[in-house]
Amino acid sequence: MIRNTAAQMAAKLASGETTSVALTQAHLDRINSVEDKVHAFLFVDEKGALEQAASVDAKRAKGEKLSPLAGVPLALKDVLAQKDKPTTCGSKILEGWLPPYDSTVVASLKKNDIVILGKTNMDEFAMGSSTENSAYGPTHNPWDLSRIPGGSGGGSSAALASFEAPLAIGTDTGGSIRQPAAVTGTVGVKPTYGGVSRYGLVAFSSSLDQAGPCARTVLDTALLHEAIAGYDPKDATSINAPVPQVVQAAKDGNVKGMKIGVVKELNGDGYQPGVRARFDEALELLAKAGAEIVEVSAPNFEYALAAYYLIAPSEASSNLARFDAMRYGLRVGDVDGASAEAVMNLTREVGFGKEVKRRIILGTYALSSGYYDAYYGSAQKVRTLITQDFTKAFTQADVLVSPTCPTTAFKIGEKANDPLAMYLNDIATIPVNMAGIGGMSLPAGLADEDGLPVGFQIMSPVMKDERMYSVGAALEAALLSKWGAPLLNRAPTLEASK
Amino acid sequence: MSLTYEDVVAKYEPVLGLEVHVELNTESKMFCGCATVFGAEPNTQTCPVCLALPGALPVVNEKAIESTIKIGLALNCSIAPFSRFARKNYFYPDMPKNFQISQYDEPICVDGYVDVEIETDEGPKKFRIEVERVHMEEDTGKSLHVGGATGRIHGADYSLLDYNRAGIPLVEIVTKIVPGTGKYAPEVAKAYVAELRDILRSLGVSDVKMEQGSLRCDANVSLRLIGAEKLGTRSETKNVNSLRSVERAVRGEMIRHAELLNAGGRVVQETRHFQEDTGLTRSGRSKEQAEDYRYFPEPDLVPVEPDAAWIEKLRAGLPERPSIRRKRLQEAWAVPEKEMAAMINADVLDIVEKTVLLGADPTKARSWWLGEISRIANDKDVAIADLAITPQDVAEIVALVNSGDLTDKLARQVVEGVIAGEGKPSEVIAKRGIKVVNDDGALMAAIEKVCTEQADTAEKVRAGHIPAAGALIGAVMKETKGQADAARVRELLLGHLGQPTS
């Protein structure tokens, strides 16, 4: 049952073939049996999940009208506030904090009766591409436990790939949904900025952060997308417009007559041969399905990474200032006679990890008087240029595509001491965040040289998220008929060693 | 070596700069829905947003934007079609986010002015104070530092934090530098803050209570030698909590600067705290090394782009400028300057005007509100507006006195009754059985009774010693329970004792 898609699970729940309690219990059992190898979760809410499942079953028994995903379990990235449940953001500084409120995403999940299994591991404050920056130890890639599951949302992607959960929520600031999806053979979508409320999403970089749906199929992702998207008056940057019809697009999977633009600058040097091979193959399949493949150029993308590493740390340096030991979370050095300043200093020294400190320092520097124009100011100009590149490209194509990442999953520890190499992993995903548009990663197959999953990225214009679902669903269908079975069937079962 | 003020202004020219912070009286905070009631239990008016819990986001209070635009318009500013919020980053325990959402290089209102008039040696003189900008920001929480000698964070045993004030909408009004006031700098500063207070009050956007901190003034002062171009180093005095203190603080700083300069020293650029008891300032934070607030546009908020039609609607709805209204009323009522000032200080101008519009004589309306009613409000320690007496009631009472149905003394009883909640004036009169005794027969009976009881005094009056009549009149008034018209009593009494009655 746990290897079903979420849509299949929902159908079984609706027909009475199973109950949400049984389904939830099956996932909790799976978590129990593989978690010591994967470490996808920071908190498993066994009691809360079963209670929620029982309440959905009771509603169904009473004949209440339920939402499409009611009763299906989900793994929640630990960066979203959930009332009375631990929310750490992968950081020591928030250890023990119980939010007194629900993020809007969590409120939407609850409203849709989606069962929350627990909170998933992540790079501290979503800063990283491997979950190695979690203060609570790394998550392992179910395809190869010695490899990273991507980051920052590696816990969510690993939970999907190891069948611990059929649905997950991620957040994406520079690729934290899409890159983990790519390296674990799962699907992840960063919706248009403002499409899903950020209220209750613990901020890393406010102008780039976006929560989004993750699953094992394009349709499942779309179903979750519609459950969490929509205008929220509590988020001033939320878009007040109808939610794009992503479920319909995923069901139709129609690319006939669509123009698909290959971004010249995101495919070439530095991309692993197996990644390029799978990407080219996917393009052929899309052409066969009736799409027109064109090449587009985005000359300013080459500055995206540099600009990103000024904007994101700048905003982070300010967003993370609130962790000062005064009102919640860790407090260190609060002994007689210690000043508030000393306690703040010590707490932040002990509570933040190396990468977080690196970015706080970087951001503080970039915003400093005298440097602002050269760094933050210039980065914002680059951002405008990237947005213009996209605008122009979208006049030539309905969606843009690229490999999601230059490589397949790397080994745990391989890039831990080389931040620049780590940052380069996000080179193809970052432009999407800079322009606030939508981006999807879905599996394109395995790289021949290492047998690891490769991600295919689809980018769609602002609030045209349905386009990436059309293309994604078409490609998924073509690949499935080529493979004969879902890609994840080829991943290790994990339980064998037991 | 202590200098007199005259010595200072003979040698130096003061240059002012005034920053006024106004707490808006919106129902809810600047970026969340929390209440803003003054004096509530600590930390009861807070939520995830104003406590800066992880994940919480600000949303702008539209009403606060409206109030700020009104202020800008009333101060003759232009309203920016596009303005933004920015983050001002610094760590302090009473600032939950460790940054303040403010406006930096893109404020909502710019380039205005306020005219004030003060008395000078050459008569009344007008000064124009140019307003550089009016911008929105949020207030911080309050720290209470317990223990230690200074009540400041350094040296305190521990600190208590109250976040009720955190996030209350603040408007900051910043002047350009104000040269050319010469020896009148302290008066001009005071007049400016007073005028600002009156304008804000007329707009109804703030309580403007300096003692409660809803209006706060920072006074920047520098001196330069008369005739010099270059500005001197300024000090910034905070904690100036009354109009009088504004004047004292400016004067005090001018003298302090001059003493330093005369002694060959230099003024340090710093924040100073005004001390109400001594009228002096105490050194605070040095600003020699400009603090780096790392401002950048607030990414959680969208730009403020007020609709031109909305701005025009707000402009059309602006009330009459207080200084103009004051002049108009003063002329119409023929009130001396001092009395006018008394009414403004007691905050009764509106209520007196309403009473006059209901038909009361301006002098009488003023004397009731400023006299008896103010006294009762004072005794009860409440605001006049909170008393259960309305302009309608006062107008009615004044009319009854004019028609002779009440004496002044009886009218006071009626006022008391209305304030005590006994009802409208007519109801109080009925319930208390208050009426003027104007039946001469009844008065004569009382007069005869008193003259018999106090035969010696009556005899003195009969002998022509008129002043002795006072005691007899008093006794008659007592006999008639104060309900008689004292003038009529006097007339009848003197006639009774064979004395001329005029």
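1. **Ground rules.** The model is predicted, so local features need pLDDT of at least 70, side-chain atom pairs count only at pLDDT 80 or more, and totals for chains, interfaces and linings use all residues. Residues are numbered from 1 along each chain as its sequence is written, chains are lettered from A and ligands numbered from 1 in the order in which they are written, and side-chain values use heavy atoms, with hydrogens and water left out.

2. Two packed helices are described by the angle between their axes and the distance between the axes. Helices (H or I, at least four residues) and strands (E, at least two) are DSSP runs, numbered from the N terminus. Axes are lines fitted to C-alpha atoms, for helices over the stretch in contact, and angles run from 0 to 180 degrees between N-to-C directions. In chain B, α6 (residues 322–333) packs on α7 (residues 337–345) at about 125°, with the axes 11 Å apart. That angle makes α6(B) oblique to α7(B). The cut-offs: under 35 degrees is roughly parallel, over 145 roughly antiparallel, 65 to 115 roughly perpendicular, and the rest oblique.

3. **Handedness and contacts of that pair.** From α6(B), B:Arg326, B:Leu329, B:Gln330 and B:Trp333 meet B:Glu337, B:Met340, B:Met343 and B:Ile344 of α7(B). Contact means heavy atoms within 4.5 Å. This contact of α6(B) with α7(B) has five nonpolar, one polar and two charged residues. Here Ala, Val, Leu, Ile, Met, Phe, Trp, Tyr, Cys and Pro count as nonpolar, Asp, Glu, Lys and Arg as charged, and the others, Gly among them, as polar.

4. **α13 and α15 of chain B.** Helix α13 (residues 440–453) and helix α15 (residues 469–479) of chain B cross at roughly 125°, and their axes come within 9 Å. That makes α13(B) oblique to α15(B). Their crossing is right-handed. B:Ala446, B:Ile447, B:Lys449 and B:Val450 of α13(B) meet B:Leu472, B:Ala475, B:Val476 and B:Glu479 of α15(B). The classes are six nonpolar, no polar and two charged.

5. **α7 and α16 of chain A.** How do these two run? Helix α7 (residues 218–228) and helix α16 (residues 465–483) of chain A cross at roughly 155°, with axes that come within 9 Å. So α7(A) is roughly antiparallel to α16(A). Among the residues that meet are A:Val218 and A:His225 in α7(A), and A:Asp465 and A:Glu476 in α16(A). By class, the contact of α7(A) with α16(A) has five nonpolar, three polar and two charged residues.

6. **Backbone details in chain A.** A:Gly151 and A:Ser152 are joined by a cis peptide bond, with omega about 5°. A:Ser152 is in the loop between β3 (115–120) and α5 (154–161) of chain A. A:Phe125 lies in the loop between β3 and α5 of chain A. A:Phe125 is not a glycine, yet its phi is positive, about 50°.

Technical notes. Left-handed = near helix turned anticlockwise from the far one by under 90°.
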